[in-house]
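Reader: I'd like to go through this one with you, feature by feature. Where do we begin?

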Amino acid sequence: MVRILIVGGGVTGALCAHMIRRHLPTKVQCQIVVWEKSRGIGGRMSLSKAPEFKECSAELGAQYITRHSKYLESHKEFYKDLLDSNVIHSFKGEIDGFRGDNDTNFVCTNGLSSIVKHFFGKSFVEMCPNQRLESLRLVSDDSWSVWEASTTAGHHDHFDAVILTMPIPQILSIEGVKDKLDVDNVKDLESAQYSSRFAVGLFYNKAVLSEYSWAARYVGDSDIIRYIAMDHEKRGIPKSKTSSVVVHTSVPFAKSHLEEDAAAVGSKVVDELKRIIPGLPEPDYVKFHKWRYSQVTQSTATYGSLVCHSKPLLIVAGDGFTHSNFDGCVESALSIEQHITEFVKCGVN
Ligand code: FAD
């Protein structure tokens, strides 16, 4: 039995699980285990819920899937799968200030985390939430070698292959990873850059927001706020009894407040929102979130993923090796598929 650990329950992790499951030769028995540090899956495509009225939700991270013409052919099977399974649908509303072509945007009624759930669901993974990987240690004798993975809570397990799919600075902070890289690879990984953003979700236990003509809006006249979404409208939720507003700050604002508490920064954001939309009702619940690693502004020179160690296999992947969107995560997962199939073909130990 081949045991593979995927660290990270985001869309790259889900797509990796899908690639492994569909391409591993059937005679090879394979167990895919996923460790995710948070309570739920989705990562930067997660859905937040108001604690006291859980039917009200908001997407504080990624907003829509934008299909780029470059990947129309090479990624069409993924879009077809998501469309045929009713996971995504075309965005129908108005995005005020959006410069692209609206036909290429897709949303999910239940949030983009549905995409993550879809691919993990097809892959028969053993999902382990609340498991934060802390360190990796090579354990071997003459006949076999495995990774001993340890969590911050002191849980240990052994795997033939490990795939890390978090933002690159988080990958490099795992004890034992840098030791397995040569100097040039460390330099390359350290060159990856991410923007930061604060996000604020305003949750309403009633439908109060249908009077706005736009579902989302790029704000041009604020130093603090860059983007506002009437989240339920954006996701096309019909006749919702609740509503929510999502706000993303500008990148320069987030950079200058990055080390501050998310709630303290969030109240400045709410004040600015009230200036932009006077008369916005008082929310029933507000959630603040700091995305320290929001979107990749400079990716690594290595494209897709990097094999850090071949036996046992250690691969690092994610949007840091491509670009920050669904297509970027597909590209990264596709590059892993090749490494995994070769690894299994050559024999695990
Ligand atoms: P992540 O989603 O970051 O997943 C990594 C996972 O690893 C996380 O769940 C994290 O909790 C977990 N993790 C981290 N460390 C550990 C550890 N030590 N042990 C266990 N688990 C760990 N993309 C779009 O396509 N369209 C958009 O409109 C869009 N807008 C965005 C807006 C914002 C504000 C943000 C933040 C992102 C946006 N993106 C957008 C980018 C998109 O969300 C990302 O490119 C994509 O979600 C990255 O997925 P991933 O799986 O590579 O990483």
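**Salt bridges, then the sheet**

Author: Let's start with a contact: the side chains of Glu77 and Arg22 meet in a salt bridge, 2.6 Å from N to O. Keep in mind that this is a predicted model.

Reader: Which parts does that pair tie together?

Author: Glu77 sits in helix H2 (residues 76-84) and Arg22 in helix H1 (residues 11-23), so the bridge links parts 55 residues apart in sequence. Glu77 is partly exposed at 41% relative accessibility, and Arg22 is partly exposed too, at 32%.

Reader: How many salt bridges does the structure hold?

Author: There are 18. Another one joins Asp84 and Lys80, with the closest N and O atoms 2.5 Å apart. These two are four residues apart in helix H2, so about one helical turn separates them. Both Asp84 and Lys80 are exposed.

Reader: Now the sheet. How do I read its strand order?

Author: In general, strands of a sheet pair through backbone hydrogen bonds, either parallel or antiparallel. Here six strands form an open sheet in the order S9-S2-S1-S13-S22-S21, with mixed pairing. S9 (126-128) and S21 (305-309) are the edges: each has a single partner strand, so one side of each lacks a neighbour in the sheet. The twist averages 20 degrees from one strand to the next.

Reader: In which sense do S2 and S9 pair?

Author: Parallel, over three bridges, with S2 covering residues 30-35. Val33 stands opposite Glu126 in S9.

Reader: And which helix packs on the sheet?

Author: Helix H9 (residues 326-345), which touches S1, S13, S21 and S22; its direction makes about 175 degrees with that of S22.

Note on methods. Residues numbered from 1 in each chain as written. Predicted model: local features only at pLDDT ≥ 70, side-chain atom pairs only at ≥ 80, totals over all residues. Heavy atoms only, no water. Pairing = 2+ DSSP bridges. Axes fitted to C-alpha atoms, helices over the stretch in contact; angles between N-to-C directions. Contact = heavy atoms within 4.5 Å. Salt bridge = Lys/Arg side-chain N within 4 Å of Asp/Glu carboxyl O. Buried < 20%, exposed > 50% of the residue type's maximum accessible area, 1.4 Å probe, protein only.
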